[in-house]
Amino acid sequence: MARLLPKKDAVIIGLGWTGSILAQQLTDAGLNVVAIERGPWRDTATDFNIGYMQDELRFAIRKDLFLQPAVEAMTMRNSLSQTALPMRDYGSFLPGNGVGGAGVHWNGHTWRFWDSDFEIKTHLTKRYGAGKIKDLQLQDWGVSWSEIEPSFDKFEYLGGISGKAGNLKGQIQPGGNPFESPRARDYPNPPMRMPYASALFADKMKELGFHPFPLPSANLSQAYVNPLGVRMGQCSYCGFCERFACGNYSKASAQTTILPVLVKKPNFEARTECEVLKINLTADGKHARSVTYLDAHGVEVEQPGDMVLVCAYGLMNVRMMLLSKIGAPYDPVSGKGVVGRNYCYQTSAGARLLFEDKHFNPFIGAGSLGQTIDDFNGDAFDHSKLDFVGGAGISCTVTNGRPISNRPTAPGTPRWGAKWKQATAEGYQNAMGFGSQGSSYPVRENYLDLDPTYTDRHGRPLLRVTFDFPDNDIAMSNYLSDQMEKMLKPFNAKYSAVSRLRKGWNSVPYQSTHNTGGAVMGGDPKTSAVNKYLQSWDVPNVFVIGASAFAHNAGMNPTGTVGALAFWAAEAITTKYIKNPGALVPA
Amino acid sequence: MKQVIFVAAFAALSTSAFADDAGKYQAILGDCAGCHGKDLSGGVTLMTPFGKLVTPNITPDKDTGIGNYTADDFRAAMKQGLAPGGKRLYPAMPYPYYARMSDGDVAALWSWLQTVKPVKNSVDVNQLHFPFNMRIMMAGWSLFAPSSIRVSDVVGKSDAWHRGDYLVNGPAHCGACHSPKTMLGADKGPLTGAVLQGWYAPDLTSDPNAGLGRWSTADIVDYLKTGRNAHSIASGPMAEAVENSSSQMNDADLTAIAVYLKDLPASHGNGGPATGAEAQMKAGKDGYDINCAACHGPDGKGNALFPPLAANPNVLQVRDNTIVRVVLAGTRAAATTGAPTGPAMPSLGWKLSNQQAADILTYVRNNWGNRAPAVSAETVERIRGELHSGS
Amino acid sequence: MLHVLSRRRLLASAAAVPILAATARGETISGQLPWSPFAGEPPKPVNPLGWYFFHPGEAATVEAIVDRLIPADHLSPGGKDCGCAVFIDRQLAGSFGQASRLYTKGPFMPGLSTQGYQGDLAPAGRYRLGLRALDDYTNTTYKKNFVALAAEEQDEVLAGLDGGKIKLKLRPGFSTKEFFELVLQNTMEGFFADPLYGGNRGMASWKMVGFPGARYDYRDHIDKHNVPYPKGPVSIYGKEA
């Protein structure tokens, strides 16, 4: 029999980026909020010690800050014809854990999807005809650029994002991204200082007639005070960024931007090391009453709430909906149902260049430090004569020179022995690379559901990921590889190679932790699980906030858009919902 | 006599502007919560040089608090250190300072205290060992160790100066930490800095090096209000004083405190610079670059988040307790409405040897124009032992 | 980790009301961010002496293997002298060896190459089995244990494991390729990780490639494009090189 606690106005599942933004906005509006976080409390002051953060083995290889598969794993298969098996260790993607979630140890790339992304089906149909996209399950998001733009601004100013605007209210700005959608104002901080490799890349791209610009970065170029009065430091280019927590307050996270203000509020409470098992609905299944969680001692507790916000990371959001029976599960065979639909990932390839007698100093890096071009991203280029849609950003980022993982050698070099050593000593300072990070478009057969065989430590079914790269995306990625091959020449490297993506997504080597979709937002309850305000169509006092809402993934990192959606949903809740609880959009 | 009336008139003048919350404001000035807890129910242990004291429950609870006190009882406690029945309070309760408060202010505080929520919390206050557990000794103390808190007999000072004098030497009891003590525990030498069980409360005189000589009155106001200014950041016990007390004082009072402090004659300096410490300076610079520069900057200037080390009084005190302690154990800065972040210095004691810490601190104390005595490995070793033994 | 409230242990000062309803694990946080002195979990440097996991024969075999994977030359000492075998030993004796963080629930089914390791043996078990199988193989083929082979023969065997020509008798779900990959990965970790973990003695690998180690501030060098970084490596616990 679960221990029953007094009701709260809002119960938030997960205290990462979205949970913190929602908690901050809702407590400001006067609501009594509790955030229930499965992982531990973490903060710079107590856990991100500048004396031992520089430990590649512990944090990058043994993944100390990440979610442990023993706590929650997932199963995977490429297609319906395979049997899904558990990823006994995470490889291809690494979910976060604890307060701040993956926002603690992310790279910090902070993008805005384009206006064409939010209306992608309309846009591509108009430009190329419906036949071009008939094999893809693309759909509009139900929200427009002008509606969402202010929320991007809020997230960027919250985090102190460092960059250079490319399009200010329609005016193209030199040095910025000419392909971005119009912004009201520039970034709150100027771009970071560039290392040699990225500067070289930018020069060559300009020579080739492309439009390089600095990556919009949540590693701050200078000390900053955000609109909440919280202060952040200046990035010192330490090279222990992604997979690591920041030791000097210079990477935007819930800890460095929101929590100092949020935790002081009398109407906010965080409970850590408490795992929410499910959301409890009323008998008619139309209203959430409470959540049930296991506290750190394994005692079952029931926390009632007037509303429940699912902020547990996209994949876990979807699993929570399936376990709690919120929304009809998606069936890839019939195409019916919505929860699990339109799961997408990221489609990437890369170029490696090896020189002689250079000093790239790869250890001088940061998670989002680099230069990039969007000339081949999204629909920025004409696809009329091409057999695919979508595209990729091509970036030269210098994130680290950590030698367990980063010791490049010429192709064909043995992986051990005397020759390996020689090549490694020579290659370390002489290597650079750039890569394409491409869009991932939905198809009927890529989806999420509950595994029929494997369970977690509490006996609940694991999430099952059924995914392979669609033919469209393979074609897109190979086209990008073609472009990258053409880009190699001006560099005049001694060795160079470009990778090519093939079918058969492999869950083992790390690729990207950009898992999107599964509880997508939209205007039609037949093809979306949440409405334009990220409110469940089926259970109006449940909102599901995260990349689970993406109807597709663009050729960009998702966090900027996730942050914007969090502010957007918060605004809907505080200005519309609490005045008049109920469905904000007629079903 | 004339002077007391003069001062009392000021006290009344300043607090009458806050008639609604006059009593509550007195509690902020006096930082009652600092010792008696946020809900004033006591039970907090204080380590004194004479042993452990536990603070009493001062909520109006009749069984476990001061619900049976009269207004006179309260006044006697505040100004004479007497509890009902002739029991004497240890001057851990800073009654020698509160003695300066006007009757009006004490009365306002008493009114407000009676409206506080009564809390049942039974506290055993007398935890000192013989002979210090004999409160009768306090009678002697009161006679022979009179408070050296100066009653200002100065003429020709501004209203703000007098208000600041009243606050600093009265309810805000700054000297309780910042004035060095005699063996009997009374103040000697006003506000020139004092060791307090593992911290060093800095010199507040106008010495340009170790004191506030380089600070403007606006700097002092900023510091007390937000916990930080361009020169320094409040952490440790001062962080709590800022959070509980000074950040909630009104601007006029903060300015008054600043005016008064800026007028204190300079102390005798900090005994610096270090001499014959070239080896330490070199090793210290290397250690600084590796461990410290990423936050405090290679130029020692800090940034919007981290305090500078150049010209930071905390770095320049004659005694190095605070800086050794923060390097070994870490510390967290005050978090106020004006500066909510509360950035932390991480604990580096696990990583730095005593010699490494001593070298880095000697370098910090003598670089960028700083001049202060060197720090020895023996000092670091001793302080490390004290910290770990909980003394 | 313990979140003990910082107490002001002073005359005329005190701790605030506790803000943590601290339980043995799991906390309610409200009102103030938790902090305590000496907070954090610094890594524990390994004791470099002795073997915690390997039996003496296993230790000798692993030392021989790491010395071939990373032979001694002018660039650096060999894997053995760099402490790679000690590193692996300490890792296997700890949570890595036990696969504590991994999902180890059954059923264990043979997987596709896209589905990762599906065996039921943790790394500790894989080493025990693999090292024994390796000696079984060399005794069959060369009539000696691996340690007794000449360097060229050892290289031959390792190349055979790497390339797939040699198949050891292991266990369903645990292939020879997986065994070799595990040993290679752990050897490289030992060579390049911070010396506190037992390997990379004297920061030999970092000196070899020019990695400055545990430094944290490069603002004074980032603009110096194509200029060698002037300072040597530093480890988490050690002095500068």
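A disulfide here is a pair of cysteine sulfur atoms within 2.5 Å.

## Cysteines

Start with the bonds that aren't there: searching the whole structure, over all chains, turns up zero disulfides. Take C311(A): its closest cysteine sulfur sits in C274(A), 16 Å away, so the pair is too far apart for a bond. C311(A) is also buried, at a relative accessible area of 4% (buried means under 20%, exposed over 50% and partly exposed in between, using a 1.4 Å probe and protein chains only).

Over in chain B, C295(B) is in no disulfide either, and the nearest cysteine sulfur, at 8.2 Å, belongs to C246(A). C295(B) counts as buried too, with 12% relative accessibility.

## What you're looking at

This is a predicted model, where local features need pLDDT of at least 70 and side-chain atom pairs count only at pLDDT 80 or more, while totals for chains, interfaces and linings use all residues. Residues are numbered from 1 along each chain as its sequence is written, chains are lettered from A and ligands numbered from 1 in the order in which they are written, and side-chain values use heavy atoms, leaving out hydrogens and water.

## Chain A

Chain A carries 13 helices and 24 strands (both are DSSP runs numbered from the N terminus: H or I of at least four residues for helices, E of at least two for strands). How does its radius of gyration fit a compact globule? For 587 residues the globule would come out near 25 Å, and chain A has 23 Å, which agrees; the radius is taken over C-alpha atoms, and the rule is 2.2 Å times the number of residues to the power 0.38. Along the principal axes, the C-alpha atoms fill a box of roughly 70 × 55 × 50 Å.

Of those 587 residues, 70% count as buried. Look at contacts (heavy atoms within 4.5 Å) with a separation of 6 or more, and 75% of them in chain A come from residues 24 or more positions apart. The chain exposes about 18,200 Å², with carbon and sulfur atoms supplying 51%; accessible areas come from the Shrake-Rupley method with a 1.4 Å probe, and for residues only the protein chains shown count as cover.

## Chain B

Chain B has 17 helices and eight strands. Of its 391 residues, 57% are buried.

Among chain B contacts between residues at least 6 apart in sequence, 64% join residues at least 24 apart.
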